[in-house]
Structure formats: structure tokens, C-alpha cells
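Open the model in your viewer and keep the selection panel at hand. The tour goes from one chain to the other by way of their contact.

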Amino acid sequence: MAQVLDRPPVRPVVEKPSAGRRTAGRLTLPTLLALTAIVTIVPFAAMVLVAFAPPSGRTFPDALNPANFTLENFSKVLSSSDIPRWTVNSLLYSLVSVACVLLFASMAGYAFAKKKFPGREIMFWAFLATLMVPFQATLIPSYILVAKLDWVDSYWGLIVPTLANSQAVFLMRQFIMQLPDELFEAAEIDGAPEWRIFTMIVLPLVRPVLATLGIFVFLWHWNDFLWPLVIGQSGQMQTLTVGLATLQTQAVPINQVMAGATITVVPSLLVFGLLQRYLTDSIAMSGLKA
Amino acid sequence: MLVLFLAFRFLPAIGAFLLSLTDYRISGKWDFIALDNYTRLMSDSVFHEALLVTITYTVIFVPLTVLLSLGTAVLLHQVVWKRGFFRGVFFLPYVTSIVLAAVIWKWIYDAQDGLLNSVLGLVNIGPIDFLSQSNTVLPSIAVTSAWKGFGYSMLILLAGLQAVPKSYLEAAMIDGAGTWQRFRYVTLPQLRPVLFFVLVIETIGAFQVFDAMFVMTGGGPVRSSYSLVYFLYDSGFKYFDFGYASAIGLVLFLIVLIVSLVQRRLVGRDD
């Protein structure tokens with residue numbers, strides 16, 4: 001310790017940029033940052049402005065005048081399309097899936113992490129292998145399966161196949177593996193039945209992961225397109241994303257399309273606003289992808 | 001639970017392979033036709049076009065999105081001022097759907113009333129019909145997807161930047177390395193595994209492009225934005241040629257597999 005303190009601290013010997021260049025450098029980066037941020041936000045801002053703009057007249061500069069703002073586009077698009085029904089479908093698709101995926105993933109994750117049963121290794125590798133196959137590659141067989149079950153155009157067909165979420169199982173297993181074995185052994189010695197160990201020990205311990213995973217599963221489903229497009233063939237069974245896509249292929253005025261778009265984005269924004277830190281931290285740590 | 005995975009993950013994965021060897025039609029009737037679907041693919045000009053479109057799109061999209069996310073990550077890393085706020089702004093498009101992004105950007109690109117052409121009109125350029133010209137359509141869609149998704153890679157890269165040991169950078173500074181040299185010879189090599197991860201994730205994502213094309217162009221003009229997955233979707237759900245569509249799916253799987261192996265070779269050489 002003393003030796004270190006004896007010596008004067010080493011000062012980095014670098015060519016010092018002139019004062020002017022330095023402040024310029026300090027100002028340029030934040031300016032660049034702010035500009036990039038503005039460009040990122042502009043499409044959202046434009047969407048909202050057009051959604052509130054009066055339907056007649058040119059979009060610019062009319063859309064920029066707050067005095068003209070109107071709710072007309074919203075009421076029109078709500079009455080002329082199935083948006084309320086689509087919202088219910090999207091909510092069901094997302095929320096039911098979140099609940100089931102979280103339950104299944106923590107059960108399977110616990111089994112893979114702490115239980116010894118024949119074939120565990122092989123089964124786990126099979127799980128990992130399914131992660132490698134892109135969803136689109138299995139689209140057709142999944143669809144045929146759902147068709148065989150007569151589930152096309154039903155909530156069953158929409159929701160059930162997406163509950164087998166390998167990524168969620170993998171994540172839960174990784175987390176539960178880090179928990180000390182003694183916890184579960186102690187409970188077993190005390191004669192606790194399996195369901196009690198699961199509800200009293202596993203579930204409370206995995207709560208933080210459940211929160212993060214829940215957000216991701218919600219966003220996966222809320223923003224999902226291809227599967228609902230294929231399964232929800234009638235207008236009644238479409239989700240909001242599919243509905244929005246069909247809305248803009250029909251001759252619906254752009255103001256109303258943007259009003260519809262604004263409605264679909266609200267839940268994502270809520271999730272984002274409330275849980276941003278959870279989301280960003282977990283991506284940085286685990287590479288979870290929505 | 002197990003039944004669920006067996007039925008909806010393993011069965012489709014194996015089923016995809018088996019189906020691709022049949023001529024399964026919507027009636028449920030099928031015959032084993034061995035590799036006929038694959039020989040048909042090899043001589044199908046639509047498949048060639050879709051493959052070319054997908055590769056072109058990937059070549060445009062991946063550098064664009066990686067540079068964008070690396071650029072914003074570096075900016076966020078350098079500027080402490082309101083970092084959380086800016087990080088949130090850049091991440092915002094990521095929580096929305098690609099369909100929403102496509103709907104908004106389709107209007108932005110619109111030739112009559114779109115935002116971009118209104119702005120270009122102010123400086124007397126255009127109007128340019130971005131989505132109706134075969135040479136602008138893929139870059140336009142790539143920009144849309146990059147806008148929607150760059151926040152994810154940005155976060156990964158930012159975490160990578162923050163993990164570069166400060167002592168390395170200080171040592172380089174003492175040796176007289178300038179800002180660019182420090183970035184080029186210290187930060188970038190340290191960032192390599194993270195950059196590799198981002199590159200693989202984005203390339204795989206690019207090969208699966210579909211939603212944006214479906215919404216913005218319908219694959220047009222004249223199939224110049226008609227991707228492999230679009231071809232798969234049409235074969236399956238427009239022509240109900242399920243065996244053929246499964247073969248396309250398998251080709252997609254192989255491409256994704258090869259890409260990740262090749263990139264592992266090229267970029268991950270020393271780790």
C-alpha cells in the first residue's frame with residue numbers, strides 16, 4: 001500500500017486537444033445523439049399527428065396545426081372496422097399465453113434443472129435443437145396439425161401451439177440451476193409433496209425472472225403476425241396486428257389507418273413505459289429477443 | 001406439458017422434413033415423391049428470384065442495422081447526458097410490431113402525400129415513388145426494418161462497450177493512441193464476440209423477412225420484394241401446395257444453419 005502511495009500518480013501523457021476542439025467535440029456528440037433521437041421519434045409523432053388531423057385537405061401542413069385536431073378518425077375507424085373485437089383477440093392471445101407459458105416454463109425448467117429422470121439429457125438437447133429451427137420452417141406442419149384438430153379460426157388454434165415455448169423453458173432452466181440444491185433437498189426430507197415444493201419454493205424464487213419473461217412473452221404475442229394471419233382467417237378471429245395490416249390494404253383513408261395504428265401501439269407503450277428498465281437490463285444480460 | 005411440446009415443437013420440426021418429401025394437398029391426400037419438390041425448386045424461376053431478393057435484402061439490411069446500432073451504442077457510451085432517456089427513445093420502436101412500422105413507413109414513402117416526399121419537395125426533389133421502383137423498394141424496406149429493430153442490437157452492443165476494461169483504454173492512451181486508434185485497436189477487438197452475436201442474430205432475422213413486405217408492397221413491384229418466406233406463405237396458403245411449401249421451409253432452415261456456421265468461421269476465428 002505504502003509503495004503505491006509513495007509514487008506520484010501517473011498522469012496520462014497525451015497530446016491535449018486545444019480547448020476549442022474539445023468543447024466542439026463535447027457539443028457535437030450530444031447534438032448527434034439528439035438528432036438521431038429526433039429522427040427515431042419522427043415516425044411515431046407523424047403517426048399521432050395524422051391520426052388527429054382533419055380527414056379533408058392535404059396532410060401537410062394541415063396536420064401540424066393543433067387547432068384542427070379532431071377525434072373523428074378514431075370514432076370512424078372504431079365504428080367501421082372490427083377493432084374492438086381484434087383488441088379482445090389480441091389481449092386473449094397475449095395474456096392467456098403469458099400465464100400458461102410462465103407456468104409451463106417454470107415447471108419444465110424446474111424439472112430439467114433439479115429433477116433426475118431417465119432421458120433428461122436427451123430431452124433437453126431436443127429442446128435446444130428446436131430453438132435452431134426457424135418458426136417459418138415449421139409453419140406448414142403446424143398449420144396442418146391445427147387443421148386436423150379442427151382448430152383453424154379458433155382461439156385453441158391460435159393459442160395452444162404457441163404455448164410450447166422452448167426459449168422460455170431454456171431461460172427458466174438456466175435460472176433455476178443456479179439455485180442451491182439444499183433448498184429442494186431440505187423440503188424433500190421434510191416430506192413436502194412435489195406440488196408444494198413447486199408452489200412454495202420454486203415459484204417465489206423465480207419471481208424476478210417470471211416478470212421479465214412475462215414482458216417478453218406478452219410482446220412476442222401482441223406483435224406476432226404470421227401465425228395469427230394464418231390461423232385467424234375470418235375477420236372475427238383476427239388480432240390487432242393482422243387487422244391493422246388488412247385495414248391498410250382496403251381503401252381506408254390514411255388518417256383512419258393511423259388512428260388504428262395509434263390504438264394498437266398503446267399497450268406496447270404502456271408495457272414499455274412501466275417496465276423499460278426490466279426490458280433493457282434483461283436484454284443486456286441474457287440476449288432475450290422479443 | 002410434454003404432450004404440448006411433442007405435438008407443437010418436435011412433431012412440426014420432423015413433420016416439415018417428411019412433408020417436403022410428399023405432394024400433400026389440402027384434401028389431405030398425399031403420395032411419397034422423394035426429392036421431387038427439391039428438384040422442382042431448383043428449376044423454379046420464382047424460387048431463384050425469391051432467393052435473390054432475400055439475399056439482396058440481407059446484404060442491404062445487415063450492414064445498415066449493425067452500423068446504426070453500433071453508432072448509437074457508441075454515442076450512448078460516450079455521452080453521459082440523459083443516457084437513460086436516449087436509450088429509451090432508441091429502444092422504443094423495438095417494442096412495437098413490424099406491422100405497425102410497415103404501416104407508418106408505407107405512408108412516409110407515399111409518393112403523393114408522404115412525409116419523406118413532402119420534405120424532399122421542399123428542396124425540389126422528387127416526388128420519388130420509393131415502394132414502386134425495383135431499385136428503391138428493398139433499401140426502403142430495409143430502412144423500415146432497421147428503424148424498428150436496431151434498439152435491440154444497440155442494447156447488446158452497449159453492454160459490450162461497457163464491459164471493455166477501462167485499464168486497456170487507459171494503457172492505450174498512455175501509449176499515445178488517439179480516439180480512433182483506441183476504438184479501432186482496443187474497443188473493436190474486445191467487442192468482437194458481441195458483434196458476432198449481433199451479426200448472426202440480424203442475418204438470421206433478415207433471411208426470415210416477410211411481414212414488412214406483405215404489408216408495404218405485397219411482394220411487388222413485379223416480385224422485386226418477394227422473399228423466401230413470402231414464397232413459402234403463398235405456396236402454402238394461396239396454392240395450398242403444402243409439400244412444396246415445406247421444402248421451401250427446409251431450404252430456409254438450411255440457409256440459416258449455414259449462415260451461422262460460416263459467420264462463426266469468419267468472425268469468431270480467434271474465440
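In what order do the elements of chain B run from the N terminus on? Select chain B and follow it from that end: the order is α-α-α-α-α-α-α-α-α-α-α-α. That comes to twelve helices and zero strands. Keep in mind that this is a predicted model.

Of the 271 residues in chain B, 46% are buried. Now consider contacts in chain B between residues at least 6 apart in sequence: 70% of these join residues at least 24 apart.

Next, select residues 51-263 of chain B. UniProt, in an unreviewed entry, places the feature "domain: ABC transmembrane type-1" here. This stretch is 74% helix and 0% strand, and its end C-alpha atoms are 19 Å apart.

Now show both chains and look at where they touch. Here 69 residues of chain B are in contact with 60 residues of chain A. On the chain B side, helix α1 (residues 2-19) gives the most, with twelve residues. Colour that side by class and you get 51 nonpolar, twelve polar and six charged residues.

The unreviewed UniProt entry annotates "transmembrane region" at several spans of chain A, including 91-112 and 124-144. Select residues 91-112 of chain A: the span is 100% helix and 0% strand, with 31 Å between its end C-alpha atoms. Then select residues 124-144 of chain A, which are 71% helix and 0% strand, with end C-alpha atoms 26 Å apart.

Note on methods: Residues are numbered from 1 along each chain as its sequence is written. Chains are lettered from A and ligands numbered from 1 in the order in which they are written. This is a predicted model: local features need pLDDT of at least 70, side-chain atom pairs count only at pLDDT 80 or more; totals for chains, interfaces and linings use all residues. UniProt positions are given in the numbering used here, feature names are shortened, and annotations may be inferred rather than shown by experiment. Helices (H or I, at least four residues) and strands (E, at least two) are DSSP runs, numbered from the N terminus. Two residues are in contact if their C-beta atoms, placed from the backbone, lie within 7 Å. Ala, Val, Leu, Ile, Met, Phe, Trp, Tyr, Cys and Pro count as nonpolar, Asp, Glu, Lys and Arg as charged, and the others, Gly among them, as polar. A residue is buried if 20 or more other C-beta atoms lie within 10 Å of its own, exposed if 12 or fewer, and partly exposed in between; C-beta atoms are placed from the backbone.
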